[in-house]
Amino acid sequence: MTFNKMGTLPLPLALHLATYTVIGLFCAFAGGLNLIDPVKIIPNAVIFLGLAGFSWGYVFGILMARKEVLGLGLLASLGYIGAGIWQLGPRWPLGALLLAIGVYGLATLALYRRQILEA
């Protein structure tokens, strides 16, 4: 995917993809740790490893300029906004972080949608 003559991603899109990569790394680590305890494999490890796969798949899909991934990004951003609103009461720093990730994701996808699909 190239956006200009240098062949680089714009900084806002690169930060958006880096956010999802870090979320995937965290979820893979948490899922791996939950695999140690057999009681936590089904409720926790499967969910964390699934989120890690989703995050990394989304990043690679954007880099491969797949149009189907834009819908997943929209759905993920709306999910982060919903989770952020849900967590604003009990854990407001986490809620604010999740809300910021979702709003930033929506703004980035809206801004670079055409350029992602052109590549």
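Let's start with Ile 116, which sits in helix H4 (helices are DSSP runs of H or I, at least four residues, numbered from the N terminus). This is a predicted model, where local features need pLDDT of at least 70 and side-chain atom pairs count only at pLDDT 80 or more, while totals for chains, interfaces and linings use all residues. Residues are numbered from 1 along each chain as its sequence is written, and side-chain values use heavy atoms, with hydrogens and water left out.

Ile 116 counts as buried because its relative accessible area is 0% (buried means under 20%, exposed over 50%, partly exposed in between, with a 1.4 Å probe and protein chains only). Along the sequence, Ile 116 is 46 residues from Leu 70, yet their C-alpha atoms are 8.9 Å apart in space.

Now hop over to Leu 63, in helix H2. Leu 63 has 35% relative accessibility, so it counts as partly exposed. Together with Leu 25, Trp 56 and Phe 60, Leu 63 makes a nonpolar patch on the surface, with about 390 Å² of accessible area in total (patch residues have over 30% relative accessible area and no salt bridge, and nonpolar side chains, meaning Val, Leu, Ile, Met, Phe, Trp and Tyr, are joined within 5 Å; a salt bridge is a side-chain nitrogen of Lys or Arg within 4 Å of a carboxyl oxygen of Asp or Glu; areas come from the Shrake-Rupley method with a 1.4 Å probe). Helix H2, residues 41–63, supplies the largest share of that patch, three residues.

Methods: Patch = residues over 30% accessible without salt bridge, like charges linked within 9 Å, V, L, I, M, F, W, Y side chains within 5 Å. Helix = DSSP H or I, 4+ residues; strand = E, 2+ residues; numbered from the N terminus.
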